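Here are a few friendly notes to read alongside the model.

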Amino acid sequence: MQKTMDMTTGSPFKKILIFSLPIAFGLMFQNLYTLGDSLIVSLSRGQNAVTGLNLTESLSFLILGFGSGIAAGFGILLSQYVGAKNADKMRQSFATSIMLTIAVSVVMTVLTVLLAPTLLRILNTNELYFDHALAYITTIFAGFGGIMFYNLSAQILRALGDSTTPLIILVISAILNLLLDSLLFITDWGIAWAGWATVISQAISALIGFIIIFKKHPALRLKKTDFRFSLSFAWRHLATGLPMGFQFTITAIGCMIQQRAFNSLPDSGYAMAQSTACKIDNVFSSLLMGAANTMAIYVGQNFGANNLQRVKDGIKAALLVGVIYSLLAFGLILPLCVPFGKILLKGSEDKIYGWIFQYILTQSSFYYFVYVLMMFRQSLQSLGYSALTVFGGVTELLFRLFAAMVLATNFGFTGACFSNPCAWIGGAVFFTVAYLVIIKKLEKKSQTGNIFEQ
């Protein structure tokens, strides 16, 4: 297992780049194996089934993104205590995160399972794909708790400065998921099994993650007293995690509006092409997300260590790291998107593959903007400004709404393809300005005392 990395010393560029590699390629691998899910469903259950699965992408992001955002917020708070080298607060934070995760999981599981059919109707899901989509997404929602604990274990390990172990666990999870998916070839089980395969594999991975945390990191071996519930301390975690969760939700609502715009286009092939292209896009754009996620830990540790200058140096280094990842993702996705599309939608009309390429070209041309957006968002969250993520999410939503309602209405599929880039540009501008204002505020605060208060 990787030794934990102290982000408060050494070259910011080198630390950020090295730490980001397992996260970025781990997320890429995770999305790549979801393509494996889609391929197995396509080969075993047909194009309507796989399109139904793919059409749940935005809805899945709405709910699972909320849980992932909360877990990321808990990880940020822990990273600050790691930077401050406060072992008692680290354990207390870990225990509080576990208790809150249980509570959130119970509530979200009940609500999402009950609301799944309504949410698919709101998306205007085509009847050809509706039953498949409902069977799959209901299963995913039923396993919300296992998926959220998997995310929490990964965030805790990263907060400790270990980005390699979550990658190893992810590979194990992916292999197990694909093996379970493969049972579709030898059984008559429905598409719901693809959902159960994901839930089971991630629940097992969560268990592995927690075992490693307790065995390899003595600082987080919990005591009974760590589970004494403190309302103020729990609120501090929720005040960090909930805004991040809501930000994901707002972004997901924008994606659902975008999905509805594609679903409402006259040719049902547009929805098929776009939903498949999204799966492909997620594989390569996840490189940018992984790289940006590194800043949550980097800034969190240095904020906890009261080193504002190192935070600023890290932001400059991260902007350069983003150029590297953006060019890499762009160079990989363009030549591979159509071959992937032909594998996932074997035997489709040529126009479908043309629409996949058009969508991918539009998205990938603006990759650096989505990186800048996410990098500043993660950094501001770690500086204690989680509430800003909600306002940033609203900015993205408004720009995506404009593209979906105005550009899609007037320019059809081509206009709808610009809904994500419009949101990325708007969000990147918002968070860049917010960072410049907040960093000046913190500079003034640093002259009179510590910027991080435990």
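1. Let's begin with the salt bridges: the count comes to five, where a salt bridge is a side-chain nitrogen of Lys or Arg within 4 Å of a carboxyl oxygen of Asp or Glu. Please keep in mind that this is a predicted model, in which local features need pLDDT of at least 70 and side-chain atom pairs count only at pLDDT 80 or more, while totals for chains, interfaces and linings use all residues. Residues are numbered from 1 along each chain as its sequence is written, and side-chain values use heavy atoms, with hydrogens and water left out.

2. One of these bridges joins R91 and D226, with 3.1 Å from N to O. The two partners sit in distant parts of the chain, 135 residues apart: R91 belongs to helix α4 (residues 87-122), and D226 to the loop between α8 (192-216) and α9 (231-263). Helices here are DSSP runs (H or I, at least four residues), numbered from the N terminus.

3. Are R91 and D226 buried or exposed? R91 is buried, at a relative accessible area of 10%, and D226 is buried as well, at 6%. The cut-offs are under 20% relative accessible area for buried, over 50% for exposed, and partly exposed in between (1.4 Å probe, protein chains only).

4. Next, have a look at R377 and E396, whose closest N and O atoms are 3.1 Å apart in a salt bridge. This pair also links distant parts of the chain, with R377 in helix α13 (residues 367-382) and E396 in helix α14 (residues 387-416), 19 residues apart. R377 is buried, with a relative accessible area of 6%, and E396 is buried too, with 3%. Returning to R91 and D226, you will find D88 alongside them: salt bridges with shared partners join D88, R91 and D226 into one network.

5. The bridge between E127 and R121 has its closest N and O atoms 2.4 Å apart. Here E127 is exposed, with a relative accessible area of 53%, whereas R121 is partly exposed, with 46%.

6. Finally, which residues make the nonpolar surface patch of about 640 Å²? They are I102, V106, V107, V110, L111, L114 and L115. Patch residues have over 30% relative accessible area and no salt bridge; nonpolar side chains (Val, Leu, Ile, Met, Phe, Trp, Tyr) are joined within 5 Å, and like charges within 9 Å. The areas come from the Shrake-Rupley method with a 1.4 Å probe, and for residues only the protein chains shown count as cover. One member, V110, lies in helix α4 and is partly exposed, with a relative accessible area of 47%.

Technical notes. Helix = DSSP H or I, 4+ residues; strand = E, 2+ residues; numbered from the N terminus.
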